[in-house]
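Please read it with the structure open.

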Amino acid sequence: MRDYLLFVRQNLALLTFGFMTVFTGNLGQSFFIAWFGAGIQESLDLSAGVYGSAYSFATLCSAVTVIWAGGLIDQMPLRRYVVLISIGLALALLVLSQTQSLPLLLLGFFLLRLFGQSLLPHTGSTTMSRYFKDGRGKALSLASSGMPIGEVVLPVIAVASIAWVGWQYTYLGLSLSVLLLMLPLFLWLLGKSPRLDETSSPEQTAEDKTVPGQLNKPPGRGAVLRDYRFWLALPGLIAGPFLLTGLFIHQNFLLSEKGWSMNWLATCFIIYGTVHWVSSLISGAVVDRLRAPRMLPWILVPLLACMLTAAFVPGQWSAPLMMALLGVAAGAMPPVTGSLWPEIYGTARLGAIRAMNMSIMVLSTAISPVLFGYFIDRSVSGAQLYGACSVFVAVALVLMCLSYPANSRPVANS
């Protein structure tokens with residue numbers, strides 16, 4: 001704890017920037033958008049199927065676009081990139097506030113998922129990875145704390161505001177807040193950080209200079225895709241987002257199989273949020289000591305235990321156990337995976353590498369609800385469905401052990 005406090009005091013401005021970008025990015029996350037769904041469907045007279053299809057289509061389009069847009073952070077000054085991303089998020093919220101037709105809703109969702117869910121958190125996490133070599137894990141864990149705190153705070157704000165002024169004026173207020181409050185705050189925090197030196201290009205960070213020749217032709221997406229370790233690790237890297245999305249989207253199936261009430265599950269989400277935050281802080285400190293490749297397989301252990309609990313542990317008290325295990329897994333992943341990419345591939349093309357992986361994660365979250373729904377519609381039992389998920393995680397765990405943990409050699413230029 002003393003190390004954390006000293007680290008925060010020495011790097012307060014840049015760490016706050018990382019936290020606030022992830023926190024603000026929650027405006028594009030599914031848990032926040034869900035509170036506006038009923039109002040949007042009623043105002044536009046949309047069925048649940050049409051609304052859900054529009055949301056999924058917009059998410060898929062954003063997943064494709066982020067491969068290009070996320071890589072731009074490697075090619076322009078950070079402040080300029082932050083301005084563009086913030087304006088994009090404000091525009092997304094403005095479009096949604098004026099939505100009166102399905103095409104406009106599609107555009108609003110696309111922009112919100114692109115700039116909110118993807119690019120703003122991507123900006124914060126990439127900045128933490130790029131400008132912190134010593135203490136990178138702690139920086140990533142503190143930045144990623146913006147998500148669980150947002151999961152607690154933002155729904156309360158959304159519900160109160162929608163009840164007071166309606167969903168459209170709420171979106172309008174959020175748009176103005178991003179443009180007039182958050183953007184100036186982001187720029188002020190960057191200006192106060194002594195670590196940030198934008199007179200040099202992203203290719204010229206201190207970490208990259210330690211690898212001879214890397215400045216001329218630094219490893220990028222091609223190096224990742226040619227690396228056999230990436231393909232071995234990939235099932236484990238997508239396991240968390242893939243399974244959590246399928247589990248939460250089809251939570252009614254989970255409730256019926258386990259005999260839980262909706263209120264009981266909602267109460268257990270408090271455990272999830274708390275453990276998520278604590279796990280993130282602890283994982284950040286541990287990854288700084290042990291390094292990311294050694295930590296990588298461990299992020300799947302709590303996820304495997306969660307799936308086994310869902311499949312085979314009956315009773316009311318399996319709910320808090322599941323939520324606690326999910327919280328451990330969700331909290332550990334950002335510091336570990338966020339530290340892995342710069343350790344293996346350097347920081348010069350970090351934005352492009354992270355954007356590619358983010359796109360893969362988003363695509364997996366679009367597939368899992370459909371796949372889960374396919375099996376649920378064919379009357380599989382909870383034990384069968386979550387048991388199969390356990391097998392998937394177990395296989396992914398073995399493959400992950402054979403990837404970067406077995407060979408943690410950094411990739412130099414080819």
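1. Aspartate 227 and arginine 229 join their side chains in a salt bridge, at 2.8 Å from N to O; the term requires a side-chain nitrogen of Lys or Arg within 4 Å of a carboxyl oxygen of Asp or Glu. Both aspartate 227 and arginine 229 are buried, where buried means under 20% relative accessible area, exposed over 50%, and partly exposed in between (1.4 Å probe, protein chains only).

2. This is a predicted model, in which local features need pLDDT of at least 70 and side-chain atom pairs count only at pLDDT 80 or more, while totals for chains, interfaces and linings use all residues. Residues are numbered from 1 along each chain as its sequence is written, and side-chain values use heavy atoms, with hydrogens and water left out.

3. How many salt bridges does a search of the whole structure find? The search finds four. Side chains of opposite charge can pair when their charged atoms come close.

4. Another of these salt bridges is formed by the side chains of aspartate 74 and arginine 130, at 2.6 Å from N to O. This pair links distant parts of the chain, 56 residues apart: aspartate 74 is in the loop between α5 (48–71) and α6 (78–97), and arginine 130 is in helix α7. Helices here are DSSP runs (H or I, at least four residues), numbered from the N terminus. Aspartate 74 counts as buried because its relative accessibility is 3%; arginine 130 counts as buried because its value is 8%.

5. Arginine 291 and glutamate 343 also meet through their side chains in a salt bridge, at 3.6 Å from N to O. Here too the pair links distant parts of the chain, 52 residues apart, with arginine 291 in the loop between α14 (262–290) and α15 (292–295) and glutamate 343 in helix α17 (residues 318–345). Arginine 291 is partly exposed, at 34% relative accessible area, whereas glutamate 343 is buried, at 16%.

6. The largest nonpolar core has 66 residues, of which Phe109 and Tyr171 touch the most other members. Helix α7 (residues 102–131) gives the most to this core, with 11 residues. Such a core is a set of buried Ala, Val, Leu, Ile, Met, Phe, Trp, Tyr and Cys residues joined through side-chain atoms within 4.5 Å. A second, separate core of 61 residues includes Ile238, Trp260, Leu304 and Ala310.

7. Serine 175 lies in helix α10 (residues 167–191) and counts as buried because its relative accessibility is 6%. Not counting residues up to four places away in sequence, serine 175 touches Ala90, Leu93 and Leu94, contact meaning heavy atoms within 4.5 Å.

Note on methods:
Helices (H or I, at least four residues) and strands (E, at least two) are DSSP runs, numbered from the N terminus.
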